[in-house]
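Please keep the sequence and the model in view while reading.

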Amino acid sequence: MDLQDAAQAPDVAVVVPVFDEEGAAPDLAREIAAAFAGRAFELIFVDDASTDATWARLSALASEIPQLRLLRHGRNAGQSRAVRTGVLAARAAVVVTLDGDGQNDPADAPRLVDRIAAAPSRVAMIAGVRVKRRDSLAKRAASRIANGVRQSLLKDAAADTGCGLKAFRREAFLRLPYFDHLHRFLPALMMREGYEVAFEPVGHRPRQAGRSKYTNFGRLMASLSDLAGVVWLASRARNPGDVLEARLGEDREDDRHDEKVEGASEDGHANSEAIKLARR
């Protein structure tokens, strides 16, 4: 991104993965646009190769919501890949994600954005925690079991990683190792990279249209399988602490102190406009 693009970049990107959500996606897009009215935002819906009219119904909103961007996968690749597609396309430094079924309340999203904007740079994510969940008893029970097992093994302090409403720093997300179902382990993976994660109570709504893409048993089995991999990743992490870059050059004094590197691009090279903290 050049300086002109950076000056025109929105403050926040809202990324919504959708798959066969023709009944929920259009109204959700309108709600998100209303929630962020008056802010510089972009709204990125990623259609994960829907087989219904999701793409057509979202495309019809182009004139109504000028901030809307639509991306479409050539074949179904899952929620985590759709989220990553949206984050890669985002131009904002802060990203908010919501589930495409409309159960996350868009009115909560600006509050998470404000929290991360006010937080120190070491806080990379504000994760939503659903209160008064509007799911079936069986689904809540399965989530409780999965969350309990995950917390005991990963020590991520996350009571509800299944909540799709999260605000995070784009740069931090792009440092995470990618794998399918990544979205279920974001707090633990952020902590693995040396970042901090905070939590925020958010609302939850009953599904108004469509149906869940997972069975309780299928979700539980996938979570347990992925959990083993994340435990392994966490065990192999080695945090270098602060990374210093020597200030070299003929016009600089020899006794000038080294400075912290405060960030690096995804390929590991330091940002040219500022020296930032690298968490590798």
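A49 is buried, its relative accessible area being 15%. The structure discussed here is a predicted model. A49 is found in the loop between strand 2 and helix 3 (54-59). Although A49 is not a glycine, its phi is positive, at about 60°.

D20 is another residue other than glycine with a positive phi, in this case near 55°. The loop that holds D20 runs between strand 1 and helix 2.

## The chain as a whole

The protein chain contains 9 helices and 11 strands. Of its 280 residues, 44% count as buried. The chain exposes about 14,300 Å², and carbon and sulfur atoms supply 51% of that area.

Contacts in the chain can also be sorted by separation in sequence. Among those between residues at least 6 apart, 75% join residues at least 24 apart.

## Helix 5 and its buried side

Which residues of helix 5 are buried? Helix 5 spans residues 109-118, and its buried residues are A109, P110, L112, V113 and I116. These residues cover an arc of only 155° around the axis, and therefore lie on the same side of helix 5.

The buried residues of helix 5 pack against both strands and a helix. Their partners are strand 1 (12-18), strand 4 (94-97), strand 5 (123-130), strand 6 (166-169) and strand 7 (196-202), together with helix 2 (25-35).

## Helix 4 and its partners

In helix 4, which covers residues 79-89, the buried residues are S80, A82, V83, R84, G86 and V87. They pack against strand 1, strand 2 (41-47), strand 3 (68-72), strand 4 and strand 6. Helix 7 (170-173) is a further partner of these buried residues.

## Salt bridges

Side chains of opposite charge can pair when their charged atoms come close. In this model the count comes to 16 salt bridges. One of them joins R207 to E21, with the closest N and O atoms 3.4 Å apart. This pair links distant parts of the chain, since R207 lies in the loop between strand 7 and helix 9 (216-235), E21 lies in the loop between strand 1 and helix 2, and 186 residues separate them.

R91 counts as partly exposed because its relative accessibility is 38%. E42, at 2%, counts as buried.

R30 and D27 form a salt bridge whose closest N and O atoms are 3.1 Å apart. Both residues lie in helix 2, 3 residues apart, which is about one turn of the helix. R30 has a relative accessibility of 35% and so counts as partly exposed. D27 likewise counts as partly exposed, at 46%.

Salt bridges can also be joined into a group. D108, R111, R115 and E200 are linked in a network of this kind.

## Aromatic rings

How many aromatic pairs does the structure hold? There are 3 aromatic pairs. One of them is formed by F36 and F41, which are 5.8 Å apart centre to centre, with 35° between the planes, and this pair is tilted. Both F36 and F41 are buried. The ring centres of F168 and F173 lie 5.1 Å apart and their planes meet at 15°, so this pair is stacked. F168 and F173 are both buried as well.

A charged side chain also meets a ring. R81 lies over the face of Y178, at 4.1 Å from the ring centre.

How values were computed:
Residues are numbered from 1 along each chain as its sequence is written. This is a predicted model: local features need pLDDT of at least 70, side-chain atom pairs count only at pLDDT 80 or more; totals for chains, interfaces and linings use all residues. Side-chain values use heavy atoms; hydrogens and water are left out. Buried means under 20% relative accessible area, exposed over 50%, partly exposed in between (1.4 Å probe, protein chains only). Helices (H or I, at least four residues) and strands (E, at least two) are DSSP runs, numbered from the N terminus. The arc is that of the directions from the helix axis to the C-beta atoms. Contact means heavy atoms within 4.5 Å. A salt bridge is a side-chain nitrogen of Lys or Arg within 4 Å of a carboxyl oxygen of Asp or Glu. Rings of Phe, Tyr and Trp (its six-membered ring) pair if their centres lie within 6.5 Å; planes under 30 degrees apart count as stacked, over 60 as edge-to-face and the rest as tilted. A charge sits over a ring if NZ of Lys or CZ of Arg is within 6 Å of the ring centre and within 35 degrees of the ring normal. Accessible areas come from the Shrake-Rupley method with a 1.4 Å probe; for residues, only the protein chains shown count as cover.
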